[in-house]
Amino acid sequence: MDIVLQRYLAGERNFVDEEFDDMTNDLQGANLAGSDFSRTFIYANFRGANLQGVKFVHANVKTCDFTDANLRDADFSGAALDGADFVNADLTGAVFTGATVQGQCYSQGEVPGHWPGGDASS
């Protein structure tokens, strides 16, 4: 089982300032609702995961796969999103203010629209 998921299941929600850059971070379908990954470097497969209310503030989530994930009310303020995939993710209420993707900086109220892998829905 993935170390992030093990820690979450043990009751931990604070992953601030950590590095999870191992390519084995398979969190597909995991429930990580309410976690805080602020200022974290993470490389992970979050396909279909429940990430409702999760904070990725100033995090490096480059190349993460959020396909079909529940990102309702997630906060990506100031995050680096290059190569992240949000195809069919639920972005209702998600915040991307100041997040960057290949030189683009999101303004308040903007969410990812068309991505190389497809289209994100909200």
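Colleague: Among the elements of the protein, which has the lowest mean pLDDT, and which the highest?

Modeller: Strand β6 (residues 118–119) has the lowest mean pLDDT among the elements, at 38, while strand β2 (residues 41–42) has the highest, at 93. This is a predicted model, and pLDDT is the predictor's own confidence in each residue, on a scale from 0 to 100. Over residues 114–122 the pLDDT stays under 50, and the model has 28 contacts for these residues beyond four places in sequence. For the protein as a whole the mean pLDDT is 87, and 89% of the residues reach 70 or more.

Colleague: In what order do the elements of the protein run from the N terminus on?

Modeller: The order is α-β-β-β-β-β-β, which corresponds to one helix and six strands. Of the 122 residues in the protein, 45% are buried, and the accessible surface comes to about 5900 Å², of which 45% belongs to carbon and sulfur atoms. Among contacts with a separation of 6 or more, 13% are between residues 24 or more positions apart.

Colleague: Why is Arg7 called buried?

Modeller: The relative accessible area of Arg7 is 19%, and buried means under 20%, so Arg7 is classed as buried. Arg7 lies in helix α1 (residues 3–9) and, not counting residues up to four places away in sequence, touches Glu12, Asn14, Phe15, Glu18 and Phe20.

Colleague: What makes the link between the side chains of Arg7 and Glu12 a polar contact?

Modeller: The two side chains are joined at 2.5 Å, and the definition asks for a pair of N or O atoms within 3.5 Å, one able to donate a hydrogen and the other to accept it. The contact of Arg7 and Glu12 therefore falls within the cut-off.

Colleague: What makes Arg13 count as lying over the face of Tyr8?

Modeller: Arg13 is at 3.5 Å from the ring centre of Tyr8, where the distance limit for CZ of Arg is 6 Å, with a further limit of 35 degrees from the ring normal. Arg13 is listed as lying over the face of the Tyr8 ring.

Colleague: What is noted about phi in Asp17 and in Asp73?

Modeller: Asp17 has a positive phi of about 65 degrees although it is not a glycine, and phi of Asp73 is near 65 degrees, again a positive value in a residue other than glycine. These values are noted because most residues other than glycine have a negative phi. Asp17 is found in the loop between α1 and β1 (19–20), whereas Asp73 is found in the loop between β2 and β3 (100–101).

Colleague: Why are Asp17 and Asp73 put in neither the buried nor the exposed class?

Modeller: Asp17 has a relative accessible area of 49% and Asp73 one of 48%. Buried needs under 20% and exposed over 50%, with partly exposed in between, so Asp17 and Asp73 are both partly exposed.

Colleague: How many aromatic pairs does the structure hold, and what makes the pair of Phe56 and Phe76 a stacked or an edge-to-face one?

Modeller: The structure holds twelve aromatic pairs. In the pair of Phe56 and Phe76 the rings are 4.9 Å apart, centre to centre, with 15 degrees between the planes; rings pair if their centres lie within 6.5 Å, and planes under 30 degrees apart count as stacked, so this pair is a stacked one. The pair links parts of the chain 20 residues apart, with Phe56 and Phe76 both in the loop between β2 and β3.

Colleague: Why is the pair of Phe66 and Phe76 classed as it is?

Modeller: Its ring centres are 5.6 Å apart and its planes stand at 85 degrees, and over 60 degrees counts as edge-to-face, so the pair of Phe66 and Phe76 is edge-to-face. Phe66, too, is in the loop between β2 and β3, ten residues from Phe76. Phe66 and Phe76 each have a relative accessibility of 0% and therefore count as buried. Ring pairs also link Phe56, Phe66 and Phe76 into a cluster that includes Phe15, Phe20 and Phe37.

Colleague: How do you know whether Ala80 is buried or exposed?

Modeller: Ala80 has 18% relative accessibility, which is under the 20% limit, so Ala80 counts as buried. Ala80 is found in the loop between β2 and β3 and, leaving aside neighbours within four places in sequence, is in contact with Ala59, Asn60, Val61, Lys62 and Thr100. The C-alpha atoms of Ala80 and Gly98, 18 residues apart along the chain, are separated by 9.2 Å.

Technical notes: Residues numbered from 1 in each chain as written. Predicted model: local features only at pLDDT ≥ 70, side-chain atom pairs only at ≥ 80, totals over all residues. Heavy atoms only, no water. Helix = DSSP H or I, 4+ residues; strand = E, 2+ residues; numbered from the N terminus. Buried < 20%, exposed > 50% of the residue type's maximum accessible area, 1.4 Å probe, protein only. Contact = heavy atoms within 4.5 Å. Areas by Shrake-Rupley, 256 points an atom, 1.4 Å probe, with all protein chains shown as cover. Phe/Tyr/Trp six-rings, centres within 6.5 Å; stacked < 30°, edge-to-face > 60°.
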